[in-house]
Amino acid sequence: MTPSSDIPGSVESGADVTSAQDVVNSLRDLTVQAVSELYVKYQDDLRAVRDRQRDFLQRRGKSMKAQLDDYEAEITYLLLREYRPETVVEIGTFYGWSTMWILSALRDNGIGHLYSFDIVDHVVSNVPDDLSAARWTFTKGDVRETLGGIVTGTDYLFIDADHGARFGRWYVENVFPMVRPGTPTSVHDVFHGRRPKPISEGSVLMKWLAEHDKSFFTSSAAKAPEVIEHLSKVKEELRLSTPVRDSRHNPMVFFTLG
Ligand SMILES: C[S@@+](CC[C@H](N)C(=O)[O-])C[C@H]1O[C@@H](n2cnc3c(N)ncnc32)[C@H](O)[C@@H]1O
């Protein structure tokens, strides 16, 4: 067994991880090793989703502004497959790239409903009907006014919205306390560099995680380049290396609330 502190991508975690099942128990223990196992476990379904997402993007061309990069989108998909959440909350859809990755995981699970929130509604015309039908609710408006009580029952929280410090303070103070302990959570646009920008959502989040003694996982090219290095080899072996998108920043962080 390898101590997680020796495995790239296990950031400030003190626990060991031996199997993908441990990932289900707590994102606190998430390591590149565990993520690699999820790539192996779900490789066939992931291949189909990657091909479909790539085709979609190519067909849409510049009219589709996709934000999530491949590793963080794939890790989101894999964690959703492994957790099999009944309820997912997504804050920040834009044109629906993350929405489509999340809905693909719920479709492949055969269970789960996604509640998405955004000020703009480009996503509504973008997400294919076969993905959204019977498993998706979109609410237009400022999420600080529209979120309501749904978040208290969520099994997975996904945030990719306003990257200012004020918005970060809003959700750490008002949303995180409402979410059930143990809920897997991810936040985008934190590590574009080795550190989050000062006075940003990312710096508010990192301070909150430190104050609550919480570790996180990231595949950020700037923060944890060894993670992408390791996962790229796994993907090559699985013949999953053709890019879906060409951007490789992967600034998202993954952690567990509560
Ligand atoms: C970076 S984009 C989301 C990208 C998307 N997740 C993807 O993968 O393509 C950020 C989105 O957050 C939305 N947003 C920003 N502030 C918001 C707020 N207070 N309430 C709801 N949505 C907000 C913006 O309208 C924008 O569409």
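This is a guided tour of the structure, selection by selection.

The model is predicted; local features require pLDDT of at least 70 and side-chain atom pairs count only at pLDDT 80 or more, while totals for chains, interfaces and linings use all residues. Residues are numbered from 1 along each chain as its sequence is written.

**Whole chain.** Begin with the protein chain, which has eleven helices and eight strands (DSSP runs numbered from the N terminus, helices being H or I of at least four residues and strands E of at least two). Of its 258 residues, 46% count as buried. A residue is buried if 20 or more other C-beta atoms, placed from the backbone, lie within 10 Å of its own, exposed if 12 or fewer, and partly exposed in between. Among contacts between residues at least 6 apart in sequence, 77% join residues at least 24 apart, a contact being two C-beta atoms, placed from the backbone, within 7 Å.

**Ligand shell.** Select next the 19 residues around the ligand, of which Gln67, Gly92, Trp97, Ser98 and Asp162 come nearest; a residue is near if its C-beta atom, placed from the backbone, lies within 6 Å. At least two shell residues are supplied by each of helix H5 (97-109), strand E3 (113-118) and helix H8 (143-146). By class, the shell holds ten nonpolar, four polar and five charged residues (Ala, Val, Leu, Ile, Met, Phe, Trp, Tyr, Cys and Pro are nonpolar; Asp, Glu, Lys and Arg are charged; the others, Gly among them, are polar).

**Helices H2 and H4.** Turn to H2 (residues 32-41) and H4 (residues 70-83), which pack at an angle of about 80 degrees with axes 10 Å apart; axes are lines fitted to C-alpha atoms over the stretch in contact, and angles run from 0 to 180 degrees between N-to-C directions. H2 is therefore roughly perpendicular to H4, a term covering 65 to 115 degrees. Val35, Leu38 and Tyr39 of H2 meet Ile75, Leu78 and Glu82 of H4. This contact comprises five nonpolar, no polar and one charged residues.

Keep H2 selected: seven of its ten residues are buried, so the helix is largely enclosed by the rest of the structure. They are Val32, Gln33, Ala34, Val35, Ser36, Glu37 and Leu38.

**Helix H9.** Finally, select H9 (residues 165-175), where Gly168, Tyr171 and Val175 are buried. Viewed down the axis of H9, these residues fall within an arc of 90 degrees, so they line one face of the helix; the arc is that of the directions from the helix axis to the C-beta atoms. They pack against strand E5 (156-159) and helix H10 (201-211). Exposed residues Arg166, Glu173 and Asn174 lie on the face of H9 turned away from its buried side.

Definitions and conventions
Angles under 35 degrees count as roughly parallel, over 145 as roughly antiparallel, 65 to 115 as roughly perpendicular and the rest as oblique.
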